Amino acid sequence: MKKYIYLFFLLSLCPLLAWAADDNPIAKQLFNVTSGDLKLSFMVGTDGRLYQLAFGDVSKEVTVPVKMPSREWEFLPPYGNGVLTEPALQATHVDGNTSTELLYTNHKTEQLGDGITQTVISLKDPAYPFSVDIYIKCYESTSMMEIWNTITHNEKGKVILYRYASASPVLKAKNYRLTQFIGNYKREATLAEEELTTGIKVLDSKLGIRANQMRIPSFLLSLNGEADENKGEVLAGSLKWAGSFQLAFEVDWNNNLRVLAGINPVGSQYHLERGDTFITPAILYAYSKQGKGDISRKFHRWARAYGIRDAEKDRPVLLNNWEATHCTFDEERLKGLFDGARQIGAELFLLDDGWFGNGSYSRDDDKHGLGDWEVSTKKLPRGLSYIAKEALKRKVGFGIWLEPEMVNPQSELYNKHPEWIITQQKREPILGRHQEILDLTRPEVQQYEWEVIDKTLRPNPDISYVKWDCNRYVTQPGSTYLQPDKQSHLLIDYNWALYRLMDRFAKGFPDVMAMLCAGGSGRVDYGSMQYFHSFWPSDNTDPLGRIKIQWGFSHFFPASTISAHVTRMGKRHLKMAIDVALSGSFGIDLALDKATPEEREQLAAAVKLYKESIRPLVMQGDLYRLVSPYEQPVASLSYVSEDKERAVVYIYQTEDGNVPAILLNGLDANKRYRITEVNLPKGQGLPGRGSALRMAPSRFAAHGKLFTGAELMTTGIANPLSNQFESAVILLTVEN
Ligand code: DGJ
């Protein structure tokens, strides 16, 4: 069999390259879409279909077959006319025909901005006025690719869409190892890796909203063997969708892997009216031949450049009151906490749940008041403006908690508008955390939720921060607003309406910073994160649990977005709680007014250290995961500044046992770094061990000494720690 081999040139410079197909008997056209290291190669067959030839390494030769590829290589395989694998698109046309055929019509590429190009490939059904446009956005500097589709038709009636994957590329490797990030309340983003075998593996969520609670819509795929932090071929994906999602991995009978990602089709058929356009959410891809660490750094750089709000701004050091007070506080208690915040150097006080609701609907517990966003006259008689000013008087900023999407049945709002909730008719309503979800597909609810935000923030310009919470998921996806044939649109339309609301919030209040939260971390997706500065990864703030949770999220989200607060959860030693929080967007959530003077001193020292030396590295540094808590009794990670002049290293003992040397990464081999262990509080014992082990001076032999980057990356830092709950933070500074 004669093979045509085409070499690709100029790939890093040229996002789109077509090459001659004249002499090929089966290809009408061949073209590439490239983004830095990542390339998608296409062939338009003489049958008119769009086939994918390769997805991955930009420098790899692509072989164009002489025989027409099998349908398993169709880029967006539609259901019902010859496709045997899981379809990417399934529609029933107005005449009842359940099949779709998609033929290539054209493609075009445009420059959207510096280093960003967008290719649109148009496909059309030859028998119906039904078409699909595939959008591929390339971010050259980070080698990231973003793919989504639009579906539209001009048939005389409604086309029903049953499946509408955002993308469905095919991979060809010897084997595939999938890493998913399993969740659930207080144990979010737990890594689980497995080898894929023939058949379909589905990772999904059917929760509708707060849909990422059991699993985030992101994955890693190691190709051709195991990948580690520094080695191995990896493709990673992250779906920009806060709603129910499906990631399906189908290894076919020829050991090809198709990865379908998109909105979960379960219960979500969409009746598309003539002339309307259905837009799928986008999926982000990163590719690397240098392991999982490189993948994470690509995601982080992309996020800082395009994916999150105000990446260049430092996230403030917060004092949050949830763990300290829950819903029980008054002005005096808050002022005491403001004083504490000021004393330790916190920059902002975040007033959590409980500040609203009056009379019998006072928000004194989680059964009452959600929906009644009037300030509590019992707890805050002088209003929000007064209490915010009291914080400001102490040079502490003021932020507030909101949960605009929810209502307690015990509320005035519910009494007035019981029809506003998401529920199934003729069924007993199922509550979650004693609350119901407002139906955001309803225009009055859209307006109401905007007003919750607007009426809280507009008259109170001293509020400079919002924590946007969401404490339940959907169990009965029904709407009293949507027509019977549109009931299955609910969870899709809800999430697009939610993004519009978030967008309105971000645009309406550009100076208000925002934390995304959903009962811990039930909503962590890049569709939402573009409107937020950080997110709350978990209500589990026991440092031992948090190490793995933050580790999991770090695969896709930069440290600046991962809120990490010092609390008393788990009753660990304060040093360990501080050391773990110092590796994220640092904050404190404990009753400072009840802390001992020594504890306040310890916290103040940590805040100072963070602001002066660590925060710039957390905000903008490159992450290197050094020792995995999944493999060793130790977790270790570091952030290195872009110029490689400074770095911070964290070492946490998650269990007893010693890792003798921590090998660093990402340093300049030729530079000399001074090693300084920091956050060394005096006289700290280990909890439950009865010892009064003094943590100062440093037990690290390297402390105070100079080493070259090469030494630190090959011999490493000798690690004296060996007992569970011990931890260390080490700064590296270049000296010439
Ligand atoms: C769940 C969040 O995860 C907590 O941090 C806190 O804000 C509570 N909700 C308040 O109800």
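The mean pLDDT of this protein is 94, and 95% of its residues reach 70 or more; pLDDT is the predictor's confidence in each residue, from 0 to 100. This is a predicted model, in which local features need pLDDT of at least 70 and side-chain atom pairs count only at pLDDT 80 or more, while totals for chains, interfaces and linings use all residues. Residues are numbered from 1 along each chain as its sequence is written, and side-chain values use heavy atoms, with hydrogens and water left out.

Let me turn to the confidence along the chain. Among the elements, strand β35, residues 634-640, has the highest mean pLDDT, 99, and strand β1, residues 4-6, the lowest, 39. Strands here are DSSP runs (E, at least two residues), and helices likewise (H or I, at least four), numbered from the N terminus. Over residues 1-18 the pLDDT stays under 50, and the model has 52 contacts for them beyond four places in sequence, a contact being heavy atoms within 4.5 Å. Residues 683-694 are also below 50, with 25 contacts beyond near neighbours in sequence. Where pLDDT is low, the predicted coordinates should not be read in detail.

Next, the annotation. An unreviewed UniProt entry lists residues 74-273 as "domain: Glycosyl hydrolase family 36 N-terminal"; such annotations may be inferred rather than shown by experiment. That stretch is 0% helix and 52% strand, with its end C-alpha atoms 27 Å apart.

Finally, the cysteines. Taking a disulfide as a pair of cysteine sulfur atoms within 2.5 Å, the count is zero. For C517, the nearest cysteine sulfur belongs to C470, 8.9 Å away. C517 is buried, at 2% relative accessible area, and C138 is buried at 0%; buried means under 20%, exposed over 50%, and partly exposed in between, with a 1.4 Å probe and protein chains only.
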